Amino acid sequence: MTKRFAFSAVLPFLLLSQACTPEPQPPAPAVAPKLILHHARVFTATGGADAEAVAVGADGKYAAVGTNAEVLALAGPDTQVVDMSATCPTPGVACKVLLPTWDDAHTHMVGFNPSDGILNDPAAFLPGDGPTLEQVQALFRQALAAQKPDGSGPLLPKGSRLVAYVGTSFLTDAAATRDALDSVCGEDYLCLARGWSGHGTVAASPTLTHCGLSDTQPDIPGGYYERDASGRITGKLHEAAEIRFLRCWIGEASDEQLAGLMKAYATTAVKYGVGRVQDMSLGMEHARAVRVTQLAQLPLRARVMCLPGSEGEACTPFDSPTVQASGTKRFADGTPFERAGCTSRPYQDAPWTSGHCNWTDAELESFFRQQLAQPAGPESQVLVHAMGDKALTQVLDAMEATGGAAAWKGRRLRVEHGTMLYSANDVARASALGVYVSQQGNHLAFVDPVDGVPSYAKRFEGDIFVQMDPIRSLATAGLHLNFGTDGVGFPISSYLDLALTTTHPMRPGEALPMREALVAYTRGSAESAFDEDKRGSIQVGLDADFQVPTVDVLQEGLPFTAVASAMAHATFIAGKPVWDDGSLTPEGGWRQ
Ligand SMILES: [Zn+2]
C-alpha cells in the first residue's frame, strides 16, 4: 500500500509532464502488475528515449514502461520485483539491456526430412562452388558401396534416401541431371542433390517416380522443371517446382517428426532472443504447416506463411495468440548463386545467361489481382522472393499494372531479399508503392571460403557489385525494412545478423546504425506482418516479449565479434521466461 501512496505522490508531476508531451501516458493499471524489472536500460524500439523499468500485467502485456520510480510505484504485494542491476559491477547502476525479442521475418524451421541420409555438410563449402558432378557421384557411390560390418551385404537397405548438398558447380552443370544420378544410384535408392541455398534440386529418376513426377510434368507459375530438347524433365527443379517436390520428399515425415524439427529449431532460437518466427517451413501444404506448428507447442510465437505448391491452393488464414497464419509467398526468380537470379545484364562469369524469371508478366499480374481482390491486411499480403534486378523491376511493373500506389496502399507487399534493388528508378518506385523489404544480415557475408572472394563479385561486374544489398539507402528512400535470418532447418543467430547489418562488410556505407537495426529487427518485422499494434516494441498494452542480451548492444564502438557472438541471457514471451541461462534468475526463480 505504501508503494501505491508513493505513486499518487508523483501523480501531479506526471500530469504536468503530460501537458507538455504530445503523447499522453496511458492510465496506471488498476491491478498491480505480476512482474516488474527495474534498473535496466530498456530499448523500447518506439523511437523514444530509453526507459529504466517495465511492468508486465497478468495478461502478459506491458502494464507500464518508464523510470524506475514510476514503475516501482505500481508494485503490489504479489508483484515479483526484480532488480536487473543486482549482478552489475555497481548494484543500482544499470548494466543490463532489455530489448524487444527479435521478430525473425524470414525463416524456414523445417528444411529437410529427418530420415534423409545426408552425405556431406554444406557448411564446408557454402557459398562457394561446392562439389562437382564427379565428386557428388563419388559420394553416392561410396555410400552405396558401404558394407555391413559382418560383410553380409550393403549397409544401406534398398529404398534408402540419400542426399548430397551441392552448390554452383553442380547446379550449373548441364550434365548434372537425373541420368547422371541414375548412373551411380541405380533403381533401388532414392538419390537427391539439393542446393545449399534452398534453390535448385536435382532428383534421380526413382526419386521423381517416388514423388509422382512424370517425364512431362507441367510447369507451375513461380518455378519450373528443366527439360531436355524432347521436353522430358531432367530432374532439375526450381522454386515452385521444388516446393511441390519437397511436399513429398520432406512431407513423408509424420506430423510428430516435423513438429519435433520445429521444436528443436525454436528451442535454440529463443537462446538467440527470438520471440517470433515468420516461418516458411518446407514440405507441407499450408493447412498442414499450420497444424504442425500448433502441434509443436513452440516456446515462441510463429507466423506461418503460405507457400503454394499448386495454383489455387487454399492459403486459409488462422489466428491465435501464439500461432498465426497469413500471407502468400511466391518466387519471381532464383538466386545469383546458381545464376538463376533474374538480371538485366548477363552474369559476368557465365555471359550466356541472365538467370531465370519464373513468371510471365501476365502470370504475375494475375496473382497480384487475385490478392488485390481480397481485403487489405495480413491475410492477403503478398511476399515475393526477388533477388535479381530484372525480377524486382518485373514485380514493380506488375504492381503498377494492377493499380499502382492507390491499389497497393496499406497492403505492405514484401520483397524478400531485394538483393539487387538498387536502380534509382526502381528504389523510387518501390518507395512510392509502399514496398517492404526483408533483408538478411547473413546474406551480406557471402564470401567464397576457398579464395576469399565475395560470391557476388564473381557473378557481377564491379559497377553492379558495388550497388548490391543496399540497406541504409533503402531506409533513407522511405522503404520499410524488416530483418530475418533465412535459416533453413537450423536457426542462424540474429545477433550475427545484427552485427552484419550494422557493419555491412561489403558496403560499410550501407550499414544501418545500431538503433535503427534494432528497430528493423523488432518493430519493423512486426510491422511487416501487420502486427505493430500487438508486439515488436516495448509499449504499454503490447505483448511483453523481451530479451536480455549477454552484451550491451547499445554501447558505442562494440567490436563486431562481441555483437555477433552475443546471445540472450533470458527471453520472455508474454512476460514469461521461455529461455533463461540462470544468470538473471531471481532467488526462488521466476514466478509464472
Ligand atoms: Zn528463404
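With -100° about the S-S bond, the link between cysteine 185 and cysteine 191 is left-handed. Here a disulfide is a pair of cysteine sulfur atoms within 2.5 Å, and by this rule the count comes to 5 disulfides.

Before going on, a word on the model: it is predicted, local features need pLDDT of at least 70, side-chain atom pairs count only at pLDDT 80 or more, and totals for chains, interfaces and linings use all residues. Residues are numbered from 1 along each chain as its sequence is written, and side-chain values use heavy atoms, leaving out hydrogens and water.

**Disulfides**

Counted along the chain, the bonded cysteines follow the pattern 1-2, 3-4, 5-6, 7-8, 9-10.

| Pair | Sulfur distance | Angle about the S-S bond |
|---|---|---|
| Cysteine 88 and cysteine 95 | 2.1 Å | -90° |
| Cysteine 185 and cysteine 191 | 2.1 Å | -100° |
| Cysteine 306 and cysteine 315 | 2.0 Å | -60° |

Burial is judged by relative accessible area: buried is under 20%, exposed over 50%, and partly exposed in between, using a 1.4 Å probe and protein chains only. Cysteine 185 and cysteine 191 are both buried.

**The zinc site**

Let's move to the metal. His106 (NE2), His108 (NE2) and Asp486 (OD) are the protein donors of the zinc ion, lying 2.1 to 2.2 Å from it. Donors are N, O and S atoms within 2.8 Å of the metal (3.2 Å for Na, K and Ca); water is not among the atoms, so sites may look incomplete. Histidine 106 lies in strand β7 (residues 102–107) and aspartate 486 in the loop between β21 (480–483) and α17 (494–501), so the pair ties together parts that are 380 residues apart in sequence. Helices (H or I, at least four residues) and strands (E, at least two) are DSSP runs, numbered from the N terminus. Histidine 106 and aspartate 486 are buried.

**A sheet and an arginine**

An open sheet of 6 strands runs in the order β8-β9-β10-β11-β13-β12, with mixed pairing; strands pair if DSSP finds at least two bridges between them. Its edge strands are β8 (117–118) and β12 (223–227).

Strand β9 holds arginine 161, which is buried, with a relative accessible area of 11%. Its side chain reaches the backbone oxygen of tryptophan 249 at 2.5 Å. A polar contact of 2.8 Å also joins the side chains of arginine 161 and glutamate 252. Such a contact is a pair of N or O atoms within 3.5 Å; within protein, one must be able to donate a hydrogen and the other to accept it, and residues adjacent in sequence count only if both atoms are side-chain atoms.
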